[in-house]
Amino acid sequence: MANMAAVTHEIDDGFWAALGGEGAIVLPEPVEVGEGVLFQLSDADGSLGMSEVGRGDLTLGMLDTSDVFLCDTGPALLIWIGGDASPKESAAAMDTATKYLKQMQKPLTTQVTVLKEGFTASCPTFQEVFAY
């Protein structure tokens with residue numbers, strides 16, 4: 001029976017020490033979404049490029065169905081893939097997001113959400129940034 005765990009329902013000091021001490025559970029403060037910076041990823045001219053198209057008050061009218069957009073909300077990145085985006089643009093979206101995180105010296109663990117045109121209603125961050 002050596003090396004076997006024992007099940008117990010006793011809560012001792014070791015249990016509380018492993019959790020950081022006994023006390024009330026404190027929830028973290030919600031992270032506020034930043035102003036939003038919108039970048040367009042396009043290969044319309046034959047080569048894939050990214051350019052800033054908006055900052056601050058972003059609107060749905062800034063999104064073009066034929067391209068992919070990356071939106072930096074501060075604590076997270078949103079990738080919006082237009083319904084008519086080229087396969088090259090769509091395939092480059094995540095790689096571009098990773099390169100952007102590195103360039104901006106953001107953690108590679110930053111949340112990245114990929115949204116397809118017409119399927120954004122379930123993303124509260126998208127709705128908040130684009131003032132639904």
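C123 counts as buried, at 9% relative accessibility. This value, like the others in this report, is computed from a predicted model.

**Cysteines**

A disulfide is a covalent bond between the sulfur atoms of two cysteines. A search of the whole structure finds zero disulfides. C71 takes part in none, and the nearest cysteine sulfur, belonging to C123, is 9.8 Å away. Because a disulfide requires two cysteine sulfur atoms within 2.5 Å, the 9.8 Å between the sulfur of C123 and that of C71 is too far for a bond.

| Residue | Relative accessible area | Class |
|---|---|---|
| C71 | 1% | buried |
| C123 | 9% | buried |

**The sheet around C71**

C71 stands opposite L78 in β4. Strand β3 (residues 68-72) pairs with strand β4 (residues 76-81) in the antiparallel sense, over five bridges. Both strands belong to an open sheet of five strands, ordered β2-β1-β3-β4-β5, in which the pairing is mixed. The edges are formed by β2 and β5 (111-116); each has a single partner strand, so one side of each is left without a neighbour in the sheet. On average, neighbouring strands of this sheet are turned by 20° against each other, direction ignored.

**The largest pocket**

The largest pocket holds about 150 Å³ of space. It is lined by 13 residues, of which V37, F39, D72, Y100 and M104 are the closest to its centre. At least two lining residues come from each of β1 (37-42), β2 (49-55) and α2 (87-103).

Note on methods. Residues numbered from 1 in each chain as written. Predicted model: local features only at pLDDT ≥ 70, side-chain atom pairs only at ≥ 80, totals over all residues. Heavy atoms only, no water. 1 Å grid on protein atoms, 1.4 Å probe; cavity = no way out; pocket = protein on both sides within 12 Å on 5 of 7 lines; lining within 4 Å. Points joined across faces, edges and corners; volume = space filled by probe spheres on them. Helix = DSSP H or I, 4+ residues; strand = E, 2+ residues; numbered from the N terminus. Pairing = 2+ DSSP bridges. Axes fitted to C-alpha atoms, helices over the stretch in contact; angles between N-to-C directions. Buried < 20%, exposed > 50% of the residue type's maximum accessible area, 1.4 Å probe, protein only.
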